[in-house]
Amino acid sequence: MPTPSPDWLLLDEFNFHPHLAASQGAVLVMFGQPHCGACRAWYRMLPRWRPDQLDALAYVDVAVSSALAHEFELFHLPAFVLYKNGAFHAWVNAPFSQQGLIEAVQSALSSAPEEAP
């Protein structure tokens, strides 16, 4: 589990769906694990790079919450999903850069909602 931070909402398989269903605005959820170097880098940089359109950042440690990893059929980490006003909206794929993240989030928010996994 990463170090708790006021920038991140830490979710697990027990509070994931209820919390996101009650959320307002845009929430970017990162699925990662402590032994993933890319996950640690994203976890450290996302609060600094957070696009203005995002209302919150959430993190799920799939080493602890494997049920969510199965539900979302995760094959690589980190993985990002966008929730908007309590509902799954889109997968987000971005290069490891602030501009790439901003563009990926803007594109996801401007597109029609995708079907939840």
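1. Helix H4 covers residues 98-110. Its 13 residues should span 18 Å at 1.5 Å a residue, and its end C-alpha atoms are 18 Å apart, which agrees. The expected span is 1.5 Å times one less than the number of residues. Helices here are DSSP runs (H or I, at least four residues), and strands are E runs of at least two, numbered from the N terminus.

2. This is a predicted model: local features need pLDDT of at least 70, side-chain atom pairs count only at pLDDT 80 or more, and totals for chains, interfaces and linings use all residues. Residues are numbered from 1 along each chain as its sequence is written, and side-chain values use heavy atoms, without hydrogens and water.

3. Which residues of H4 are buried? They are Gly-100, Leu-101, Ala-104, Val-105, Ala-108 and Leu-109. Buried means under 20% relative accessible area, exposed over 50%, partly exposed in between (1.4 Å probe, protein chains only). These residues cover an arc of only 155° around the axis, which puts them on the same side of H4. The arc is that of the directions from the helix axis to the C-beta atoms.

4. The buried residues of H4 pack against strands E2 (26-32), E4 (79-84) and E5 (87-92), and against helix H2 (37-49). Contact means heavy atoms within 4.5 Å.

5. The buried residues of H2 include Trp-42, Leu-46 and Trp-49. Their cover includes E1 (9-11), E3 (56-61) and H4.

6. Ser-23 sits in the loop between helix H1 (16-21) and E2. Ser-23 is buried, at 9% relative accessible area. Beyond its neighbours within four places in sequence, Ser-23 is in contact with Asn-85 and Gly-86.
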